[in-house]
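The entries follow in the order in which I looked things up.

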Amino acid sequence: MPLSPAARAAHIDTPPEAGPAARHRTVAVQVGSVTVGGGAPIVVQSMTNTDTADVDATVAQVAALARAGSEIVRITVDRDEAATAVPKIRERLDRLGVGVPLVGDFHYIGHKLLEDHPAAAEALDKYRINPGNVGFKEKKERQFGAIVETALRHGKAIRIGANWGSLDQELLTSLMDANAKAERPVSARAITREAMVQSALLSAARAEEIGLPRNRIILSAKVSAVQDLIAVYRDLAQRSDYAIHLGLTEAGMGSKGLVASSAAMGILLQEGIGDTIRYSLTPEPGGDRTLEVKATQELLQTMGFRSFVPLVAACPGCGRTTSTVFQELARDIQTWISESMPEWRRQYPGVEALNVAVMGCIVNGPGESKHAHIGISLPGTGEQPTAPVFIDGRKAVTLRGPTLARDFQEIVRDYIEKRFGTRKGSVAAE
């Protein structure tokens with residue numbers, strides 16, 4: 001017998017409120033002026049692809065990444081010329097007013113470069129070392145220890161970054177041999193993931209034995225496959241409380257890199273795992289390196305973890321929206337907001353929380369516009385040539401005519417001035 005409406009309502013369970021899981025509890029680490037972990041906001045990180053020995057090019061790219069919103073920037077330190085350039089880069093950035101923390105990326109000879117170039121060791125805010133290539137056989141312990149001791153002398157943090165492509169082969173072989181003798185052996189892939197986690201944790205434990213406190217250690221365990229990354233980081237988070245850096249080791253180019261990074265890190269962030277993240281995107285030849293910063297910000301903002309710029313919700317278009325007016329207006333508003341943000345951040349505290357909607361027809365246009373702080377519903381094919389504008393959920397005005405786009409932009413500008421311009425130094429209420 002079918003249930004009555006009242007009975008059906010009584011049987012409906014109220015789902016839990018949607019939202020991310022509680023953040024995985026990690027120890028806070030200070031990297032220059034930036035706090036990583038310990039419940040601090042998730043940090044946006046990036047890396048240069050210039051030759052670090054080229055001071056001019058590296059300063060320019062670090063500054064561009066910082067202006068785009070990168071809160072930590074990693075630079076390659078692979079030889080004497082690069083190490084010599086590091087303090088010069090730091091000095092030039094400081095003169096430009098770019099205080100973003102710098103991380104030195106060391107492989108193979110990091111111990112020697114840090115010893116031979118104490119000015120570089122002092123200028124960097126964190127050292128990134130890979131336990132898979134910090135040294136081999138009897139040299140490994142000594143060379144790893146030398147880097148940790150340098151970090152201790154200079155009061156620096158380190159990131160211990162295990163990597164699928166340069167994994168500690170001695171550890172991996174040992175685990176594979178033990179697995180082969182096991183009564184119920186698991187797959188080679190599972191053993192490789194375990195080797196990744198153990199490499200990071202064992203190295204961190206050794207760093208603590210040498211004297212580096214836990215609040216100066218960040219861990220990462222990067223792979224290139226989405227499912228492997230999720231599995232490795234879930235395990236790493238379950239087995240430790242170190243601050244964690246997320247990222248695919250080689251995400252790829254174009255939409256593939258964006259989708260892979262978003263899929264993997266979106267799941268982990270939703271589960272509360274990750275304190276600092278980077279999109280390791282392969283740029284187009286001569287492409288804009290800041291894309292990886294923008295992508296990171298968009299992921300964090302879309303998921304509701306942080307706010308960086310006002311969001312513009314726009315209609316995707318369909319057969320009801322054969323006009324391109326809404327597309328052009330959405331593009332122009334988005335471009336205008338992006339170009340205005342450097343000044344707006346100083347002039348209008350809290351403006352990054354603004355939501356704008358540019359919709360293309362009557363089906364969802366008015367409703368979506370009402371949910372935004374300010375929204376416009378443009379006429380679709382065959383609809384009356386009018387565009388109602390909604391402010392804070394209420395219809396405020398109807399626009400018409402050839403100046404519609406300019407008029408709407410003026411309304412947005414006026415709204416920003418009134419809502420955020422009168423509350424200096426505070427964040428506007430949601």
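**Notebook: charged pairs, confidence and a sheet**

I began with Arg206, which at 29% relative accessibility counts as partly exposed (buried is under 20% relative accessible area, exposed over 50%, partly exposed in between, with a 1.4 Å probe and protein chains only). I noted that this is a predicted model, in which local features need pLDDT of at least 70, side-chain atom pairs count only at pLDDT 80 or more, and totals for chains, interfaces and linings use all residues. Residues are numbered from 1 along each chain as its sequence is written, and side-chain values use heavy atoms, with hydrogens and water left out.

**Entry 1: the helical pair.** I found the side chain of Arg206 in a salt bridge with Glu209 at 2.9 Å, N to O (a side-chain nitrogen of Lys or Arg within 4 Å of a carboxyl oxygen of Asp or Glu). Both lie in helix α8 (residues 188–210), three residues apart, about one turn of the helix; helices (H or I, at least four residues) and strands (E, at least two) are DSSP runs, numbered from the N terminus. Glu209 is exposed, at 60%.

**Entry 2: pairs across the chain.** I searched the whole structure and recorded 31 salt bridges. Asp105 and Arg128 form one of them, with the closest N and O atoms 3.6 Å apart. This pair joins strand β5 (residues 102–106) to strand β6 (residues 126–129) over 23 residues. Asp105 is buried at 7%, and Arg128 is buried at 4%. I also looked up Lys140 and Asp168, whose closest N and O atoms are 2.0 Å apart. Lys140 is in helix α6 (residues 138–154), and Asp168 is in the loop between β7 (157–163) and α7 (169–181). Lys140 is partly exposed at 23%, whereas Asp168 is buried at 11%. Asp51, Asp78, Arg79 and Glu81 are linked in a network of salt bridges.

**Entry 3: the sheet.** I traced an open sheet of five strands in the order β13-β14-β15-β16-β17, with mixed pairing (two strands pair if DSSP finds at least two bridges between them). β13 (311–314) and β17 (394–399) each have a single partner strand, so one side of each lacks a neighbour in the sheet. Strands β14 (residues 355–359) and β15 (residues 374–377) run parallel, joined by four bridges. Val358 stands opposite Ile376 in β15.

**Entry 4: confidence.** I read an average pLDDT of 89 for the chain, with 93% of the residues at 70 or above (pLDDT is the predictor's confidence in each residue, from 0 to 100).
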